[in-house]
Amino acid sequence: MNFKLSIFAIILSLNAFCQSNPSYEIYALKFGERTNKIPVSDAAVGATGSDSLNVCFMYWLLKGSNGKIILVDAGFTDDMKINPKFIAWSPPEQMLSKLNIKPEAVTDIILTHPHWDHIGGIDLYPNAQVWMQKEDYNYFVGEAWQKGGNKNGFNELDVLKIVNRNLNQKLKLVQGDDIEILPGIKVFTGSKHTYESQFVLVDSASDKVIIASDNAWFYYNINSLLPIPVTHDVKAYSKNLKRMKKMVTNMDLIIPGHDPLVFSKFPRVAVDVVKIK
Ligand SMILES: [Zn+2]
């Protein structure tokens, strides 16, 4: 290859590299909260002391410079017949209007795991391609409902929803750890919150942001490295907390799944909506 041609090849590959790394605006949207606090010992195995924690329900939006409108998790609907005495909430899709986004415009949903409060809302976004770990899907639609299976936090109606997505060719099953599923967006497994739960790393220009979802319920878990009680493997969960901490430079940029502190750490762009990045 002559000199001119090789320069041309370098420019082409640089161009391809830049194109494959869009920037993402990252938002957290809170659509509900528990009406009572929980003792810290219920949130972190091994925690002592009499502290208690507020619990909220949120999902995350990644708005890409490439036109992608990606949700991480989908919130829930009223399928669970939630008792308002314990949880105050409003339909999660309504939060999107605060950012002038219509539910139909959502292109992708990355499901971190199929617990009712994370998967229940997928049908609110009819055009979205859903991404989920293959082993998590298999367990959710199969073994969980067999004798001896662990179906804690699973809702039968959600099984039908995700099977329907699959029938409609709107489900992509991701297999394994450290997989780039979309440009600049990687998923990682390891915490075993469900059979094969995953977290999301958004590699947006300088800083990396981890959407941990329930792979850390609270900043308390991240700081203390104490696992939550809901996991198939307590040791794996703690190990994964350590791993996430090595992947970012600022611990605040590991976004836990149920911590209202998220909404005071970052700039507010609307009521119950903050911009993480
Ligand atoms: Zn969960």
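Biologist: How many residues does the largest nonpolar core have?
Modeller: This is a predicted model. Residues with the most contacts inside the largest nonpolar core are Trp 60, Leu 71, Ile 109, Val 200, Ile 210, Ile 211 and Ile 255. In total, the number of residues in this core is 71.

Biologist: Which strand gives the most to this core?
Modeller: The strand in question covers residues 56–64. Seven of the core residues come from that strand, β4.

Biologist: Which residues does Val 200 touch, leaving out those up to four places away in sequence?
Modeller: Val 200 is among the residues with the most contacts inside the core. Two others of that group, Ile 210 and Ile 211, are touched by Val 200.

Biologist: Where do the buried residues of α8 fall, seen down the axis of the helix?
Modeller: The buried residues in α8 are Tyr 237, Asn 240, Leu 241 and Met 244. They line one face of the helix, because their directions fall within an arc of 110°. On the other side of α8, Lys 235, Lys 242 and Lys 246 are exposed. The buried residues therefore fall within an arc of 110°.

Key: Residues numbered from 1 in each chain as written. Predicted model: local features only at pLDDT ≥ 70, side-chain atom pairs only at ≥ 80, totals over all residues. Core = buried A, V, L, I, M, F, W, Y, C linked by C-beta atoms within 7 Å. Buried ≥ 20, exposed ≤ 12 C-beta atoms within 10 Å, placed from the backbone. Helix = DSSP H or I, 4+ residues; strand = E, 2+ residues; numbered from the N terminus. Contact = placed C-beta atoms within 7 Å. Arc of directions from axis to C-beta.
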